[in-house]
Amino acid sequence: MSARIFIPRDTTALSLGADSVAQRLEHEAAKRGLEITLTRNGSRGMAWLEPLVEIETSRGRMAYGPVIPADIPSLLDAGLLEGRTEHPLSQGLTEAIPWLARQQRLTFARIGVTDPLSLDDYRAHDGFRGLEKALAETPQRLVDEVKDSGLRGRGGAAFPTGIKWQTVLDAPAEQKYIVCNADEGDSGTFADRLVMECDPYLLLEGMAIAGLAVGATQGYIYLRSEYPLAHRILEAAIARAEAAGYLGDNIADSGHAFHLEVRLGAGAYICGEETSLLESLEGKRGQVRFKPPLPAIEGFFGQPTVVNNVLSLAAVPYILAAGAEAYAHYGMGRSRGTLALQLAGNVKYGGLVELAFGTTLRELMESYGGGTLSGRPLRAVQVGGPLGAYLPESQWDLPLDYETFAADDAVVGHGGVVMFDDSVDMAEQARFSMEFCRVESCGKCTPCRIGSARGVEVIDRIRRNDNRDGNLVLLGELCETMEDGSLCAMGGMTPYPVQSALAHFPDDFLRQAEGEQT
Amino acid sequence: MSAYPEWTSSLIQAETNALKHKPGALLPILHAIQDRFGFIPREAVPIIADTLGQTRAEVHGVISFYHHFRATPPGNHVLQVCRAEACQAVGSRTLEAHAKARLGVDYHQTTADREITLEAVYCLGNCACGPSLRLDDSVYGRVTPESFDALVDELRTQPLEVM
């Protein structure tokens, strides 16, 4: 009997040599006259075990990782194909690995289990159940279901998704649009990429449901150009979904149309801001628009447009299939459902951790992350991307919840958790935040465009001990101006990492910058 | 020898015509031209502008706004080093300095042998396994100065693959 083996093909697994592992395995198996069937699945999100090799057994899939090509002969010798557990890389049953078993995977239930492009696999693992239910409902019922689930925008702004949909549903127009914001630019985040590379039909299904809910027949996925593999997989998934009748003029024989197209960004962080994204999609410079009007009223080419993050849309099929109550059952306070946390940076066991809102950062970084990769003490953590605050140990017991974080000058954002050990220079990190804003500002408003350039200079002077006290006051005023005077979160939130670094790690600003003399 | 074919006005016109019907066609057109020829020649600007009924200033403004688009030919390979925070936390600043020193170029520059163009990138979505870099369309994780050198050596010793 042919043994069924799984080796992931997402960006992370590939970046660590998954293709070479697959080639070596096929080569060794042929040499030994062993019959194998190799499936290139998505990743389970256990980045620390990639490349993860799994073998199907009667007890379930057995895991081995992280595997390099040179491990293949010894793995085969140690009974890989029978799922034996003697090899040092054996992790036992995949689904019993505590890191994975303790998660609450609703959105990511299928990743790593299936072949991302197989429609049969998708259907066999509960795919399209949300869409089937949605086809039997009125648009208002669909919007109500999403409202009742408590789902809020997972891109970072946390605006209630159902209310956005209601606005678009209520806006009379000839043509409405669903735009998926897949410009996942925050450092430390890769959950959108995992959805698109490992379970692309989930996103397509979520967008089709959104189309039915608000009366939109055209959707766009605005994908960052830094994700070439996600691009290829999405294009292939759309073609297959069209051929199978899940997209097109008559989706699932319902008489409803929904067309979908991927559009590539071009390396501009600001295009993750929804109005810049729309400008870019219209073929313009990605400059922020004034609001109002809201995109829900006047969005893509002036038409009512739902702009939702990948994770918001990817949560929708579960909400429809299992019901709003099932989703809202998870979470705390006004943050309902699950949050896709991404453990990144200097972390021993990094990857995707989906949990209900309410976990603490410490729990996440210690019992999932296992501390730092370097083994040195953890010193600071940046949550929510380059515009998120740096949190010192005194804030690690905050439960992950939008309101709790906001009350403590922090942001949950897109759920990226970037860990730093004690070798970090927080003044250098603060400088980088300003530098990043200078590079990525769209240039429309002065506080952001000019403020960030001056911010870099002021921090450089502080680090040189050039009128340090005066420049610290100036930096505080500059941050206040950027926060109050910028058009969008780019300039408005760049002060978060800067001021948190200053507030919690002031000693780092008193040290001389490397190679500088006072 | 370049990895890309030579551009001509008629080829650029053809790429533009193939996509001009799309709503918001400019970015898709620019991508198509750059994917095919490696960059967007200055002479493409009036062709695109005339076809889309836009001004040359508008087209130029879009090309210059986005980091991805380039107005000069790249080397045979484009190598992007991630500069974002998650990679910083695991040593990307050292890798960055090493890459510049090893290649003898700064960001946005091409090596003297026209083999490699070095670029900065802000996140490749491989943040649990940094430092990361992208070489053409492949991403590499947990890159060390040593594995960087091995990668670059391999590029320079392998004959160029023909598409």
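Start with chain B of this predicted model: its mean pLDDT is 95, and 96% of its residues reach 70 or more. For the model as a whole, the scores are ipTM 0.96 and pTM 0.97.

**Stop one: a helix pair in chain A**

Select residues 446-463 of chain A, which form helix H18, and residues 468-485 of chain A, which form helix H19. Their axes come within 10 Å and cross at roughly 160°. H18(A) is therefore roughly antiparallel to H19(A), since an angle over 145 degrees counts that way. The crossing of H18(A) past H19(A) is left-handed.

Now show the side chains at this contact. From H18(A), pick Pro447(A), Cys448(A), Gly451(A), Arg454(A), Gly455(A), Val458(A), Ile459(A), Arg461(A) and Ile462(A). From H19(A), pick Arg468(A), Asn471(A), Leu472(A), Leu474(A), Leu475(A), Leu478(A), Thr481(A), Met482(A) and Gly485(A). Colour them by class: the contact has 10 nonpolar, 5 polar and 3 charged residues.

**Stop two: where chain A meets chain B**

Bring both chains into view. Here 47 residues of chain A are in contact with 34 residues of chain B.

Stay on the chain A side and select the elements that give two or more residues to it:

- helix H1 (11-15) of chain A
- strand S8 (259-264) of chain A
- helix H12 (274-281) of chain A
- strand S12 (338-345) of chain A
- strand S16 (416-421) of chain A

Colour by class again. The chain A residues on the side that touches chain B divide into 22 nonpolar, 18 polar and 7 charged.

Key. Residues are numbered from 1 along each chain as its sequence is written. Chains are lettered from A and ligands numbered from 1 in the order in which they are written. This is a predicted model: local features need pLDDT of at least 70, side-chain atom pairs count only at pLDDT 80 or more; totals for chains, interfaces and linings use all residues. pLDDT is the predictor's confidence in each residue, from 0 to 100. Axes are lines fitted to C-alpha atoms, for helices over the stretch in contact, and angles run from 0 to 180 degrees between N-to-C directions. Helices (H or I, at least four residues) and strands (E, at least two) are DSSP runs, numbered from the N terminus. Angles under 35 degrees count as roughly parallel, over 145 as roughly antiparallel, 65 to 115 as roughly perpendicular and the rest as oblique. A crossing is left-handed if the near helix is turned anticlockwise from the far one by less than a right angle, and right-handed if clockwise. Two residues are in contact if their C-beta atoms, placed from the backbone, lie within 7 Å. Ala, Val, Leu, Ile, Met, Phe, Trp, Tyr, Cys and Pro count as nonpolar, Asp, Glu, Lys and Arg as charged, and the others, Gly among them, as polar.
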